[in-house]
Amino acid sequence: MAGRGGLLMLENFIGGKFLPCSSYLDSYDPSTGEVYCHVPNSGKEEVEAAVEAARAAFPGWSSRSPQERSQVLQRLADLLEQSLEELAQAESKDQGKTITLARTMDIPRAVHNFRFFASSILHHTSECTQMDHLGCLHYTVRAPVGIGVPPGVVNIVFGTGPRVGEALVSHPEVPLISFTGSQPTAERIMQLSAPHCKKLSLELGGKNPAVIFEDANLAECIPTTVRSSFANQGEICLCTSRIFVQRSIYSEFLKRFVEAARMWKVGIPSDPSADMGALISKAHLEKVRSYIKKARMEGAQILCGEGVDKLNLPPRNQAGYFMLPTVITDVKDESCCMKEEIFGPVTCVVPFDSEEEVIQRANNVKYGLAATVWSGNVGRVHRVAKKLQSGLVWTNCWLIRELNLPFGGMKSSGVGREGAKDSYEFFTEVKTITVKH
């Protein structure tokens, strides 16, 4: 709906209805730095209403057959697909990403996810064992923990972490929390949910390494590693932020990589030829830039990007949150740029000599979400992938996902896994039933 000054004003969605809020937050267009809509600043009252709506909807929804629930999910996928362009435009404007990425990845991926789980819900089996000598049969059933799409099944409550987030995760009748975000926020969620022993699935940060051996196919490796470093302005938890290159090819790789990075076009999100759009917020842009300043102070070299190359933007977008793809070299493993998640279009490139050395260095961070390995040696690929402390390892590729398989990180990169089997187990409670006959 239209709000103050004719700007879009979002509403909460509770119990199948769009409901206004008593106060609102400004939301900024990352490409211009201007307010473009108002978002509800919800609190405990709205959370309580959403929990009550979910509780009322749960018995009816959870008793529906898998076939009925599958049909609902398929219908949702159809509606998303029918509105693909509208949703892509909204996602691009809200997040600053290119319209091309929203059209080809975000919205199609959402459609695929709904269709995948609509299908997988039809094919789960339960366990069953017999104890003939005692005349007993044992079997398991899974009871839903959360809920799903008639009124009250899905509720959307906007707001800030301290207000609506804390009210939600500490609510005694919210039995599980699935969260994607930063480690400090996850720590707070764990503190608030601990008294209630809630189930948690936490997908957190990453400091993802790419390990490039001398026998790598650079014709494939370089464009893929540029994409893995800078896609969506580096604002993907799976993006590459540390690149280890075997010393014998280091100089060649670095030259070609920087050339390829400079070819990436930073432009307004609506430009279909742009490879990168704007970062999510002014505060985040300043945070990312602060790492470049720290790197310079430590004596590192900035080969391209921030402070080196000129960023050309239309006059209307001069105040937007844009940043060029930035490559850092001559940086020590102990540097904050090599240890901390930057979550922007910044990557560090360093040389290594041996397989054992690079495994130790790649693992020498608190995170363990994803990694990539580039080599033509099949034995080496398997050895290195096994030893890397990462929940996902791609070899000679990046961001190829199979929803049947687990997704999640090790160490400070998270708790739990997602995927067909893992998600099924997380969102249900298993119950063992014994029948004596």
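The chain is divided into domain 1 (8-204 + 416-436) and domain 2 (208-395), with bounds that come from an automatic or database domain assignment. Before going further, note that this is a predicted model, in which local features need pLDDT of at least 70 and side-chain atom pairs count only at pLDDT 80 or more, while totals for chains, interfaces and linings use all residues. Residues are numbered from 1 along each chain as its sequence is written, and side-chain values use heavy atoms, with hydrogens and water left out.

Let's look at how the two domains meet. Their C-alpha centres lie 32 Å apart, and 21 residues of domain 1 are in contact with 25 residues of domain 2, where contact means heavy atoms within 4.5 Å. Between them, domain 1 and domain 2 bury about 1,600 Å², with carbon and sulfur atoms giving 50% of that area. Buried area here is the accessible area (1.4 Å probe) that two parts lose on being put together, summed over both. Of the area that domain 1 buries against domain 2, P30, S31 and T98 supply 28%, more than any other three residues.

What about charge pairing? Side chains of opposite charge can pair when their charged atoms come close. A salt bridge is counted when a side-chain nitrogen of Lys or Arg is within 4 Å of a carboxyl oxygen of Asp or Glu. The rule finds one salt bridge across the interface of domain 1 and domain 2. E34 and R316 form a salt bridge through their side chains, at 3.8 Å from N to O.

The most comes from α4, with four residues.

Now step back to the whole structure, where a search finds 22 salt bridges.

Terms used:
Helix = DSSP H or I, 4+ residues; strand = E, 2+ residues; numbered from the N terminus.
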